[in-house]
Amino acid sequence: MKTSIKSSAFSLFLILAISCKKEKETTTDAINWSSAQNYYLKNIQISIDYLDSLKMEGFHGTKSKQYFTRAHEAFKKSEPYASYLNPEVGHRANGPALPIYKDDNGKVLNPVGFQKIEESIYEQETSTTDFEQELYVTTGMLYVLKKGIEKRELNAQRFFIATHQQLFRIVSLAISGFDTPVSHLGINESKISLEGLKTVYQNTIQPIIQNKNKSLDTDFLNSISKAVKFIEQNDDFDTFDRFTFTRDYMNPITRNWVDIRKTSNLWKPVNTEPFNFDAPTFFENDAFNLNFFTPATNRNPTDKQIALGEKLFSDVKLSSNGTMACITCHIPNKGYADGMKVNLDNNGKPLQRNTPTLINTAFQQSFFLDGRASSLIDQISLVFTNNREFNTNVHEFSDTILKDSTYVNLFKDAYGRIPKNNKDVIKAISSYISTLNSFNSKFDKNIRGEENTFTNEEKQGYNLFMGKALCATCHFIPLTNGTVPPFFNETEKEVIGVPKTSDNKELDNDLGFYWKYKEDLHKGMFKTPTIRNVEKTLPYMHNGVYQTLEEVVDFYNKGGGNGLGFGIEHQTLPFDALNLSAEEQKNIVAFMKTLTESHTPKNPQHKQ
């Protein structure tokens, strides 16, 4: 289960109905886009019709599951374009069945959307009044999505971006069970999404591709057919081979799709989306657009700015008493963590929380474990001003570091001046940290098909991570953090009930994100971190309570804090035990260790 802490209102879909995405339009009058647009429009209406039938049937009716299944399948067919046009409503309609806090009036909104309807039907723990309200709000959101499809004409740019997003949903969300956590219909719905792509492709740009590269058209259609056949052979949620499906069936489709876009010459990507549209799979070292995640004031840093940041990263003279540097807590050979339960402050006293890794940290929308910073620059600034860390004013530059004369030229080369405050210092450090990105682990090389060294245990561990163990419904593949695909505008936070000590007898008293709104819903809520390089970044959890990955997996297998008997009212983790065998738990740990990088190269997007 997931949680969303974005501000939202009961009438969110009404407000967003008049919103639109700003984009540079590309007109392609020669393409019959209307047939694809009508396909999306027809299916959003079919979804609405089945929800109407579901209202008549009730959540306990003999056909309620059938109507839900048909409604959701039709939604998945319309989802690429509907959710592209209105990401907020699309995500709310198909998002987690959890309450949402509304910060403008302090109200907590009840869960709505397909996942809540699914929960009501399959678990039978609702009332007729509540169920009808869920249907009413969800249907209203679908009407908003339908209106968007009716009003905004499909074109090449919208089509290619929407399709890219949908392919990502299949790889990261659908096959993990995120979409349908109770019914587990996501495997079969992946087939439906692929068949939908085939339909709209054939009705739009296929003639162009056939004319320019017939073999590419054939390869693409064959790739879809093979993927569909693979799903049809086994769509059981617990035993579906996600590793093979992704490596041998989805990756060829995404490679084909990139080639199709280039061959069509209908649209050239702009640098405003989270993806690198030229990356052949979602697992490449340059699959993500770093600029999307970087504040506009610090994009495209020069090599000299990065080099300056690297030197500053290790300089204790940045702290007021000369005892701390970034590297004090973020040690390269420990995965840019520190190996401690909690590190020490500038007076030698324990800090509040465990040190997270900096590797791939740039690909987030929330920083610090309690989410109190919205950007990497904000996070570094707060370290400067924290009286237990650097204890330095952001607006006052101390010339202490200039005693190292090399800094004079480094600052002049990087920014053309000697700084008057710490803003350039913080920007330089942020630029350096943003280079600490890599997707070249054993897992990445194997999922890309560059090598075939995965053991059967590691493969089964991935399949469990993506399936039965539910890990990937919070740690989204491939980033494995909580930044939600395919829009990547939000990094989620969770209430999982971490214990105070490893004997699992008492709930930890750190309230986490509760600091922001003082809302009970957020007590014990923390950001979902990446698990890449997790083998190097022990101990684990926000308080460093567990020393081994085996302990972490055991905690989740027991159902988190509520599984330990803590009685947490708003736990976002499923309460039920996962019932993983000892071998299955061992395999999950084996997979997580394949996410370890042998080294941490700078992101190629930073090279000048």
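This is a predicted model: local features need pLDDT of at least 70, side-chain atom pairs count only at pLDDT 80 or more; totals for chains, interfaces and linings use all residues.
1. On the H13 side, the contact is made by Gln305, Ile306, Leu308, Gly309, Glu310, Leu312 and Phe313, and on the H17 side by Val425, Ala428, Ile429, Ser431, Tyr432 and Ile433. Sorted by class, the residues of this contact are nine nonpolar, three polar and one charged.

2. Helix H8 (residues 186–203) and H11 make another pair, with axes that come within 14 Å and cross at roughly 15°. Angles under 35 degrees count as roughly parallel, and H8 and H11 are therefore roughly parallel to each other. Their crossing is left-handed. H8 contributes Ile187, Leu194, Leu197 and Tyr201 to the contact, while H11 contributes Arg242, Phe245, Met250, Ile253, Trp257 and Ile260. By class, this contact of H8 with H11 has nine nonpolar residues, no polar ones and one charged.

3. The largest nonpolar core has 115 residues, and the members that touch the most others are Leu194, Ile205, Phe245 and Trp257. Helix H7 supplies the largest share of this core, nine residues. A second, separate core has 34 residues, among them Cys326, Ala373, Ala414 and Ala428. Ala428 is also one of the H17 residues in the contact with H13.

4. Which residues does phenylalanine 245 contact, leaving aside its neighbours within four places in sequence? They are Ile170, Ile175, Leu194, Ala227, Phe230, Ile231, Phe240 and Met250. Leu194 and Met250 also take part in the contact between H8 and H11, as does Phe245 itself.

5. In helix H19 (residues 456–466), the buried residues are Glu458, Gly461, Tyr462, Asn463, Leu464, Phe465 and Met466. Their cover includes helix H7 (156–172), helix H11 (242–264), helix H18 (442–447) and helix H23 (582–593).

6. Aspartate 241 lies in the loop between helix H10 (214–233) and H11. Is aspartate 241 buried or exposed? Its relative accessibility is 18%; the cut-off for buried is under 20%, so aspartate 241 counts as buried. Setting aside its neighbours within four places in sequence, aspartate 241 is in contact with Phe230, Lys459 and Asn463. Asn463 is one of the buried residues of H19. Aspartate 241 and histidine 542 are 301 residues apart along the chain, and their C-alpha atoms are separated by 32 Å.

7. Glutamine 165 is part of helix H7. This glutamine is buried, with a relative accessible area of 1%. Apart from neighbours within four places in sequence, glutamine 165 is in contact with Tyr84, Glu273, Phe275, Pro486 and Phe487.

8. Two asparagines have positive phi values. Asparagine 300, although not a glycine, has a positive phi of about 55°. Asparagine 533 sits in the loop between E4 and H21. With a relative accessible area of 1%, asparagine 533 is buried.

9. Cis peptide bonds should be noted as well. One joins isoleucine 477 and proline 478, with omega about 5°. Proline 478 is in the loop between H19 and strand E3 (493–495). Another cis peptide bond joins leucine 538 and proline 539, with omega about -5°. Where is proline 539? Proline 539 is in the loop between strand E4 (525–527) and helix H21 (549–557). Asparagine 533 is also placed in the loop between E4 and H21.

Terms used
Residues are numbered from 1 along each chain as its sequence is written. Side-chain values use heavy atoms; hydrogens and water are left out. Buried means under 20% relative accessible area, exposed over 50%, partly exposed in between (1.4 Å probe, protein chains only). Helices (H or I, at least four residues) and strands (E, at least two) are DSSP runs, numbered from the N terminus. Contact means heavy atoms within 4.5 Å. Axes are lines fitted to C-alpha atoms, for helices over the stretch in contact, and angles run from 0 to 180 degrees between N-to-C directions. Angles under 35 degrees count as roughly parallel, over 145 as roughly antiparallel, 65 to 115 as roughly perpendicular and the rest as oblique. A crossing is left-handed if the near helix is turned anticlockwise from the far one by less than a right angle, and right-handed if clockwise. Ala, Val, Leu, Ile, Met, Phe, Trp, Tyr, Cys and Pro count as nonpolar, Asp, Glu, Lys and Arg as charged, and the others, Gly among them, as polar. A nonpolar core is a set of buried Ala, Val, Leu, Ile, Met, Phe, Trp, Tyr and Cys residues joined through side-chain atoms within 4.5 Å.
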